[in-house]
Amino acid sequence: MPAVMAERQRVSDPTDEGVARARRDWWVAALRREGAEFAAAAAAADLDDDVPTCPGWTVRRLVSHLSRVHRSALIGVVDGTVEPPALAARPPEDGKLFGWYADGLARLLDVLADAEPHLPDFWPRRLAHETTIHRFDAELAAHARAGGFDPPLAADGVGEVVESMLGLRAGDEPLASARGDVLVECTDTGDRWLVRLEPGRVRAERPESRPRRVDARIAGPAADLYLVLWGRLALDPAEPGRTRRGRVEVGGDRALAALVRTG
């Protein structure tokens, strides 16, 4: 959640619970907004259209995937677990696909609202960004261009990757044997993370000032970093199957920097 929003919440509700509630409400609002925009973009495309940012995927598969994620997340929210469950049942035939998606999103939003105030941050945050990134994918498929991102939300999505998602696969190669420090900086919002890669472990810190020495650095506007770290924008301009080159600078060990991504 943006620092300004957190500060305003402290004024109106100076409790830790109030700040946590405002943060979760912010993610749920993003899920609601981006979920509706995803549906509009996907409906504007043909279900057989390719999704440029998801090689080998059609719009049909994209809609099916996101709805299955939404429905599966219901299990995690209800059970109180942060372990991603298996994807939900297969989607229906084409004529019922968008209704199935809308129903799944509505049920998810209802469950998230009912789960307050004890809901962990994991699910609202993950679902907000999963849906936002796939909204971008759907708009590219439908219109050959996609809308942008609110910088604070994009910066939070960068944080979601380095603070949570990388840790879930720290035991998988090539992360499992990686070692080094990568500085990730949003040049427009001022957010920065020092990502420490150790064999089988990933730690993300929020240093107040820029460290003097790191092994690699990735820096750029939050929206571009968001797309890079979620695998939608190429870190290397020669990388195939991705979108345009962004305003992202990479210094130091590029191979190490490339590990601080998902997707």
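I'll start with E185, which sits in strand β1. Strands here are DSSP runs of E with at least two residues, helices are runs of H or I with at least four, and both are numbered from the N terminus.

Before going on, a word on the source. This is a predicted model, in which local features need pLDDT of at least 70 and side-chain atom pairs count only at pLDDT 80 or more, while totals for chains, interfaces and linings use all residues. Residues are numbered from 1 along each chain as its sequence is written, and side-chain values use heavy atoms, with hydrogens and water left out.

Back to E185. Is E185 buried or exposed? E185 counts as buried because its relative accessible area is 4%, and buried means under 20%, exposed over 50%, and partly exposed in between, with a 1.4 Å probe and protein chains only.

Which side chains make polar contacts with E185? One is R210, at 3.1 Å. Another is R217, at 2.6 Å. A polar contact is a pair of N or O atoms within 3.5 Å; within protein, one must be able to donate a hydrogen and the other to accept it, and residues adjacent in sequence count only if both atoms are side-chain atoms. Leaving out residues up to four places away in sequence, E185 touches D191, R192, R210, R217, I218, A219, G220 and L225. Touching, or contact, means heavy atoms within 4.5 Å.

Now the whole chain. The protein has eight helices and five strands. From the N terminus, the order is α-α-α-α-α-α-β-β-β-β-α-β-α. Of its 263 residues, 49% are buried. Take the contacts between residues at least 6 apart in sequence: 66% of them join residues at least 24 apart.

Next, the cores. A nonpolar core is a set of buried Ala, Val, Leu, Ile, Met, Phe, Trp, Tyr and Cys residues joined through side-chain atoms within 4.5 Å. The largest one has 38 residues, and V182, V184, V195, L197 and L229 touch the most other members. At least two residues each come from α5, α6, β1, β2, β4, α7 and α8. The largest share is that of α6, with seven residues. As for L229, its contacts beyond four places in sequence are V158, V161, V162, V184, V260, R261 and T262. There is also a second, separate core of 33 residues, and A41, L47, W57 and A138 are among them.

Then a helix pair. Two packed helices are described by the angle between their axes and the distance between the axes. For α5 (residues 122–143) and α6 (residues 151–168), the angle is about 115° and the axes are 10 Å apart. Axes are lines fitted to C-alpha atoms, for helices over the stretch in contact, and angles run from 0 to 180 degrees between N-to-C directions. On the α5 side, the contact includes F122, R125 and H129; on the α6 side, it includes L153, E160 and M165.

Last, two loop residues. G148 lies in the loop between α5 and α6 and counts as exposed, at 57% relative accessibility. Its C-alpha atom is 8.0 Å from that of F136, 12 residues apart along the chain. P199 lies in the loop between β2 and β3 and is partly exposed, at 45%. P199 touches A176, A178 and R179, not counting residues up to four places away in sequence.
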